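Thank you all for coming.

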Amino acid sequence: GDPRELIAEATGMTVEELDTALKATVEKRLAAAVEKGELTQAQADSIRAHMEAGGSLFGGPGRGWWGK
């Protein structure tokens, strides 16, 4: 099954609530990384666009950490 369903069930959330919480966390971390100079705004925007297109943040072997 969908790992999100398992995580949502284990945490007492719906999948939609989990998705919302994950997106908010990623947004905060992207903003902090840009502020600290760890990412450029363009890199953060690229990660955000990848996520919004349905991409994963968890790439497999040999792939970037956001799945590219």
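Let me begin with the contact itself: Lys23, Val26, Glu27, Leu30 and Val34 in H2 meet Gln41, Ala44, Ile47, Arg48, Met51 and Glu52 in H3, where contact means heavy atoms within 4.5 Å, and where helices are DSSP runs of H or I with at least four residues, numbered from the N terminus. Those residues divide into 6 nonpolar, 1 polar and 4 charged, with Ala, Val, Leu, Ile, Met, Phe, Trp, Tyr, Cys and Pro counted as nonpolar, Asp, Glu, Lys and Arg as charged, and the others, Gly among them, as polar.

This is a predicted model, in which local features need pLDDT of at least 70 and side-chain atom pairs count only at pLDDT 80 or more, while totals for chains, interfaces and linings use all residues. Residues are numbered from 1 along each chain as its sequence is written, and side-chain values use heavy atoms, with hydrogens and water left out.

As for the geometry, H2, residues 15-36, and H3, residues 41-52, pack at about 165 degrees with their axes 9 Å apart, the axes being lines fitted to C-alpha atoms over the stretch in contact, and angles running from 0 to 180 degrees between N-to-C directions. The two helices are therefore roughly antiparallel, a term kept for angles over 145 degrees.

Within this pairing, Arg48 of H3 has a side chain that makes a polar contact with the side chain of Glu27, at 2.9 Å; a polar contact is a pair of N or O atoms within 3.5 Å, one able to donate a hydrogen and the other to accept it, and residues adjacent in sequence count only if both atoms are side-chain atoms. Beyond its neighbours within four places in sequence, Arg48 is in contact with Glu27, Leu30 and Gln41.

Turning to the N-terminal helix, Asp2 caps the N-terminal end of H1, residues 3-11, through a side-chain oxygen 2.9 Å from the backbone nitrogen of Arg4, and H1 is followed by Gly12, whose phi is positive, near 75 degrees. Arg4, Glu5, Ile7 and Ala8 in H1 meet Val15, Leu18 and Asp19 in H2.

Finally, how does the protein average in pLDDT? The average is 82, and 79% of the residues score at least 70, on the predictor's confidence scale from 0 to 100 for each residue. Over residues 60-68, however, pLDDT stays under 50.

Methods. Parallel < 35°, antiparallel > 145°, perpendicular 65-115°, else oblique.
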